[in-house]
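Biologist: Please open the structure, and let us go through its charged side-chain pairs.

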Amino acid sequence: MWVRSTMAYRTSFVMMTAGNFLGSGLDFAGILIMFSHIEVLGGFSLAEVAFLYGATSVSFGLADLLLGNMDRVGRRVRDGTMDTLLVRPVPVLAQVAADRFALRRLGRVTQGTLVLVWSLSRLDIAWTPVRLLLVPVMLVSGAAIYGAVFVAGAAFQFWANDASEVQNAFTYGGATLLQYPPTVFATELVRGVTFVVPLAFVNWLPAQRVLGRDDPLGLPGWLDFASPLVALACWVPAALAWRAGLRGYRSTGS
Amino acid sequence: MRLYAAVAVSGFRRHATYRVATAAGVFTNTVFGFIVAYTFVALWAERPHLGGYDRTQALTFVWVTQALLAAASLLGGGFQEELQERIRSGDIVVDLYRPADLQLWWLAAELGRAAFQLLGRGVVPLAVGALAFELALPADPLLWLVFLLSVLLGIVVGFGLRYLVALCAFWLLDGAGVNTLSGLLCIFFSGILLPLNVFPGALGEVVRVLPWATMLQVPADVLLGRHHGAGLAAALAFQAAWAVVLLGAGRAVQAVATRKVVVQGG
């Protein structure tokens, strides 16, 4: 329904999809401009950075396509329209996800895929079955980790109902962070996104295995394959928080 | 004049009510500041003096960006969606009947909002940045005053641009598409992505004379003390010229648009 409604203003829809495609590509344009001045950034070449960039873009794009509307929860709590969702015989999470479902967000997935494919064509990777399998596993688990962050952020808004921006720090901020090699950042920051908000499992750890790079934290090698487990571990507290938020929800009004 | 001052004050107050949202914004700006700052450190380690900035100046640029992000609506979040919604719903007719000028009314509200955002979301990220990194902030209070003037001019230019974008709703009804494109131009050409001095060759020459350059690049360079004497006057005149041109264009488009308004309704 939301797909059809956005199609009603066709010029606007075309502009938005194109905008979404170009917009998510702007960061990459920035990286290209950087690499017009340098050969390596944090010890990584352009093709390697593009691999990291493509991987996080696809994961984030998929999560954003499915759950990107979770930040509307705050507004719904504020204006009381959350109630409408509660009385319908469909899981609330599914309804929130479908609320204003925006097909234009395919733009980011497409753009990320293009960069990823380009980087794979430029990289000289010694492909083994393990490495080959790690790429799709990385993309899917990454999307799941971002998805859990979206849901946790939405749950947080049941309490702080106009703080949807905090979520952006983790979602968009995380996506920006993971575009660059971990060697660029201070070790405390890398530790933070490995152990506190485990975004490093979206692409940094598996990508280092694929690219044959050493991990700056010197973590055990099997962690490179832990992304699906981490994704699962993220969804448990996120789902619990969502349920707690929904249960604790009191409608607005006097 | 009193009327517009009152509108500006109410714009300030309106945004000051959202305390949690402001705190959330400060948090996000600070997180992004750190991420971009580290990438700039890596970039400037490879190429010291890239774009004529040394490392401290480049880091100052990062944190000034985060401080101005909300005030100059560099990533959107300004008034245009609200104005477009009024155009789409037909409420604009009420506004046009008011004994106030439409453009000045919105400009006043926007300046009030920007003033709040500069205080609410600008000061803290810049202070955190200054604590965490070595920044090249000037000690001369006069230079800070000129910086604020430059910020003000940049905000007026930004308003002028987005007012034109908002008026597109008279023809398109749904403004989301033009807003997206206008946001992209702003991200690419204002210098949030990378300082415009770093853009290579002819592209760099072009982006530095476009109106978006007045929103971030010029104020940041003023604060970094890169303009002196006549150069400083020229930089401010460049901003003022774009402000006059864009406000004038907004006025002309508004005249055409209001002539074609057909009130929707039964």
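Biologist: Which residue forms a salt bridge with R86(B)?

Modeller: This is a predicted model, in which local features need pLDDT of at least 70, side-chain atom pairs count only at pLDDT 80 or more, and totals for chains, interfaces and linings use all residues. Side-chain values use heavy atoms, without hydrogens and water. A salt bridge is a side-chain nitrogen of Lys or Arg within 4 Å of a carboxyl oxygen of Asp or Glu. For R86(B) the closest N and O atoms are 2.7 Å apart, and the partner is D95(B).

Biologist: Is D95(B) buried or exposed?

Modeller: Buried means under 20% relative accessible area, exposed over 50%, and partly exposed in between (1.4 Å probe, protein chains only). R86(B), at 24%, is partly exposed. D95(B) has a relative accessible area of 6%, so D95(B) is buried.

Biologist: How many residues apart in sequence are the parts that R213(A) and E48(A) tie together?

Modeller: The side chains of R213(A) and E48(A) meet in a salt bridge of 2.8 Å, N to O. R213(A) lies in the loop between α11 (204-211) and α12 (227-248) of chain A, and E48(A) in helix α3 (residues 46-67) of chain A, so the pair ties together parts that are apart in sequence by 165 residues. Helices here are DSSP runs (H or I, at least four residues), numbered from the N terminus.

Biologist: How many salt bridges are there over all chains?

Modeller: D224(A) and R209(A) form one too, with their closest N and O atoms 3.1 Å apart. Over all chains, the count of salt bridges by this rule is 10.

Technical notes: Residues numbered from 1 in each chain as written. Chains lettered and ligands numbered in written order. Helix = DSSP H or I, 4+ residues; strand = E, 2+ residues; numbered from the N terminus.
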